[in-house]
Amino acid sequence: MFQLGKTIVSEDILEKEFVCNLSACKGACCVGGDAGAPLNEAETKILEEIYPKIKPFLRKEGIAAIEAQGTWTKGTDGDLETPLIDNKDCAYVIYDGKTALCGIEQAYNQGEVLFKKPVSCHLYPIRVKDFTEFFAVNYDKWEICDDACSLGAALEVPIYKFVKEALIRRFGEGWYLELEKVASELKK
């Protein structure tokens, strides 16, 4: 672990390799687990605002879940998260054949909204935990991503490079440049 500003960062994000392999996992992270995608307070307001624009991209089951539960929910632990369909799929999941994709991201890709997707999804496999004094930045190892780890190793792409855009989105360009310096120093 090392500190960058108000973040405590796991060295795993510099040392482990990862590249999403949708052809292998079929988007399992969007339909697996026991909770919706983590959200922050600002994202709950964004989802409320953009829902009419993303609704046409969603499946009827997702629309029904969102209209019953809201555009976001509070999990059993009190954390903000996306609603689920029957306690399984994220309500914002759409399918391309058998592959789960994000309906929010589809609307973004079509130019309908400026919000790409929740930052927690964009950052995955990194999870950020907010403690009052600092943020913990950790690698979340999940067996459904074993193929992504294998692909990352084959391509020699460390996690922090795979999620560069998301890390900059979350912590800023200056923070990311400092992270790159740490990574460079650790390689020596």
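Guide: One term to start: a salt bridge is a side-chain nitrogen of Lys or Arg within 4 Å of a carboxyl oxygen of Asp or Glu. This is a predicted model, where local features need pLDDT of at least 70, side-chain atom pairs count only at pLDDT 80 or more, and totals for chains, interfaces and linings use all residues. Residues are numbered from 1 along each chain as its sequence is written, and side-chain values use heavy atoms, leaving out hydrogens and water.

Visitor: How many salt bridges does the structure hold?
Guide: There are 9. In one of them, glutamate 165 pairs with lysine 116, with the closest N and O atoms 3.5 Å apart.

Visitor: Where do glutamate 165 and lysine 116 lie?
Guide: Glutamate 165 is in helix α9, and lysine 116 is in the loop between α5 (103-109) and α6, so the pair ties together parts 49 residues apart in sequence. Helices (H or I, at least four residues) and strands (E, at least two) are DSSP runs, numbered from the N terminus.

Visitor: Is lysine 116 buried or exposed?
Guide: Lysine 116 is buried, at 17% relative accessible area. Buried means under 20%, exposed over 50%, and partly exposed in between (1.4 Å probe, protein chains only). Glutamate 165 is partly exposed, at 47%.

Visitor: New topic. What does threonine 99 touch?
Guide: Leu22, Lys26, Gly27 and Ile94, not counting residues up to four places away in sequence. Contact means heavy atoms within 4.5 Å. Threonine 99 sits in strand β8 (residues 99-102) and is buried, at 15% relative accessible area.
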